[in-house]
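Trainee: Before we begin, could you please show me the structure, and then take me through how its features are read?

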Amino acid sequence: MQASSKPGLSVNIATNTGAAGQGHLASLPMRMTISKVNFYYGSKQILFDINMAIADKRVTALIGPSGCGKSTMLRAMNRMHETVHTSRLEGEIQLDGQNILAQDVTTLRRRVGMVFQRPNPFPKSIFDNVAYGLRINGIKGSTSEMVEKSLRRAALWDEVKDHLYKSAYDLSGGQQQRLCIARALAVEPEVLLLDEPCSALDPISTAKIEELLVELKNLTTIAIVTHNMQQAARVSDFTAFLLTGQLIEFNPTPQLFTTPSDPRTEAYITGRFG
Amino acid sequence: MSASVKWRRLVSNFMLTLTGVCAVVSVSVLFFILGYLVYNGGTSINWAFFTQLPTPVGETGGGMANAIVGSAKLLMAASLLGVPIGFLGGIYLAEFSGSAVASVVRYAADLLNGVPSIVMGIFAYSIVVLPFKHFSTLAGAFALGLMMIPITLRSTEEFLGGVPRYLREGAMALGASKWKTIATVVVPAAYRGILTAILLALARVAGETAPLLFTAFGNRYWSEGWGQPTASLPVMIFTYAVSPYDDWHRQAWAAGLVLLGLILIINILARTILSRGIAVPRS
């Protein structure tokens, strides 16, 4: 198993460097732009004047040590931070040129999906988990076709097609996470946010999800938070390095990892702290 | 071995024996009551008990068909009052209210739960019986329903509160509104616990006598509709047990067994329902 998943990984790295080498950040269309974002929990400031953008149909990684605010930044992108009452966001986040803070939050979250650190399937069958988003959003069309399509996109179909009506909890952790990705993909989000999606998974499951992410970027725009720098290097086209709530560096991934422009980035990626 | 170690061993063995004996005593009390009830009730129960009305005083035989139906009607109407109020109130408490409101309501519910059942009876008497100038099934169900509210409310709140945050976030991240998240994910994830608690509340009020004494009162005949006084198993047990007739004592035992049987059936039903569906795994 270990050996067979390795070639896949090395291919990923190769395609990545190729893709990111094609264009610099400024020349790409942006799906989301984050301008002058300051974020607070109560009186504690978590993010300081963040400016960055999420390129269309690319993978953008947010890296940094624990507590640097990378998850907070990600959660603000579909306003999941609002579930915490003391949170406060200043600045502007735009999706396709429109301020997300002025939009209906349920519509926004349908357009900007999220996958969490810990696989969180609902206590329902595999089928019902994927169909959930379609049903609550009243999406028309054949539910079973869309469920199959989403499961195929999440590379889970072959493993579950014979027991779609079994409990989602019968799946392994890695399968559960791919189910959550399928569930998010079912409503065809324009942007998919992933908050350390592999941190609770074993290396083989992690490799599968990384492979999946690289394929998914043809379909949707991806932003991923990871504490694993190798993962960011493997899957992403652009990387943002955050430190104590500040955006230190935001560059194409190969550039950030080979010739970082800030000494703090270099110190972090070479393992001097974090 | 030093003296202090010997002493500690002695104390340890003594306490171990003491706790063991206490555990055995508490369990054996339960089994003694059950055994005594099954023995006395089992020898007194017959088909007529389920199918016939009570006989006039002095005649032997007859049954408590009207009391069995009466109890069923009381419990049904009580659930219709107590379960929706308690359940919806529990949802509000767990999901919408601030912590200040929640703690006040929670405290009030605990107080309500602690109100002696006879006081519930007096309350129902003055609110329902006096204005209508009638003992009735509805008045009895009102008293029992009030008693179900705090149990249902508190358990709903507790089980909803126990639904992990990550499930709610999963639903909200797919574009579910708060209300939809509660209805389609949170409540389904908690329904087993809530249902169990409701059935336990039902089993508890099924055996209540005091609130029925001056609300549902009693009836030696069939009670038609909801506005008439009605017989119920606990009140029949009370009336028959304090009577001077041996045959009535026999029937009181039988009624006790039937009541126990009903509660057992409710419990088994609950377990059957709970064994279906998908539970959130404990982590």
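Predicted model: local features only at pLDDT ≥ 70, side-chain atom pairs only at ≥ 80, totals over all residues.

Trainee: Let us begin with secondary structure. How many helices and strands does chain A have?

Mentor: Chain A contains 11 helices and 10 strands. Its radius of gyration is 18 Å, close to the 19 Å that the globule rule gives for 274 residues, so chain A is as compact as a globular protein of that length. The C-alpha trace of chain A spans about 55 × 45 × 30 Å along its principal axes.

Trainee: What share of the residues of chain A count as buried, and what share of its contacts join residues at least 24 apart?

Mentor: For burial, 49% of the 274 residues of chain A count as buried. For contacts, one takes those between residues at least 6 apart in sequence; in chain A, 71% of these join residues at least 24 apart.

Trainee: And how many helices and strands are there in chain B?

Mentor: Chain B has 11 helices and zero strands. Its elements, read from the N terminus, run α-α-α-α-α-α-α-α-α-α-α. The radius of gyration of chain B is 24 Å, well over the 19 Å given by the globule rule for 283 residues, so chain B is more spread out than a compact globule. About 70 × 70 × 35 Å is the span of its C-alpha trace along the principal axes.

Trainee: What are the corresponding values for burial and for contacts in chain B?

Mentor: In chain B, 39% of the 283 residues count as buried. Of the contacts in chain B between residues at least 6 apart in sequence, 73% join residues at least 24 apart.

Trainee: How is the packing of two helices described?

Mentor: Two packed helices are described by the angle between their axes and by the distance between those axes. As a case, helix H3 of chain B (residues 65–96) packs with H6(B) at an angle of about 30°, the axes being 6 Å apart. An angle under 35 degrees counts as roughly parallel, so H3(B) is roughly parallel to H6(B). The crossing of H3(B) and H6(B) is right-handed.

Trainee: At what angle do the axes of H3(B) and H8(B) cross?

Mentor: They cross at roughly 140° and come within 10 Å. That makes H3(B) oblique to H8(B). This crossing of H3(B) and H8(B) is right-handed. The residues of H3(B) that meet H8(B) include Ser71(B), Leu75(B) and Glu95(B), and those they meet in H8(B) include Ile182(B), Leu202(B) and Ala206(B).

Trainee: Is H8(B) roughly parallel or roughly antiparallel to H11(B)?

Mentor: The axes of H8(B), residues 178–206, and H11(B), residues 246–275, come within 10 Å and cross at roughly 175°. That makes H8(B) roughly antiparallel to H11(B). Among the residues of H8(B) at this meeting are Arg192(B), Leu199(B) and Leu202(B), while those of H11(B) include Leu259(B), Asn267(B) and Leu274(B).

Trainee: Is Arg79(A) buried or exposed?

Mentor: Arg79(A) counts as buried, because it has 20 C-beta neighbours inside 10 Å. Ala155(A) likewise has a positive phi, of about 55°, although it is not a glycine. Ala155(A) sits in the loop between helix H5 (143–153) and helix H6 (157–160) of chain A. With 17 other C-beta atoms within 10 Å, Ala155(A) is partly exposed.

Trainee: Finally, how far apart are Ile33(B) and Ala183(B) in sequence and in space?

Mentor: Ile33(B) and Ala183(B) are 150 residues apart in sequence and 43 Å apart in space, C-alpha to C-alpha. Ile33(B) lies in helix H1 of chain B, residues 3–44. Ile33(B) counts as exposed, with 12 C-beta neighbours inside 10 Å.

Notes. Residues numbered from 1 in each chain as written. Chains lettered and ligands numbered in written order. Helix = DSSP H or I, 4+ residues; strand = E, 2+ residues; numbered from the N terminus. Rg over C-alpha atoms; globule rule 2.2 N^0.38 Å. Contact = placed C-beta atoms within 7 Å. Axes fitted to C-alpha atoms, helices over the stretch in contact; angles between N-to-C directions. Parallel < 35°, antiparallel > 145°, perpendicular 65-115°, else oblique. Left-handed = near helix turned anticlockwise from the far one by under 90°.
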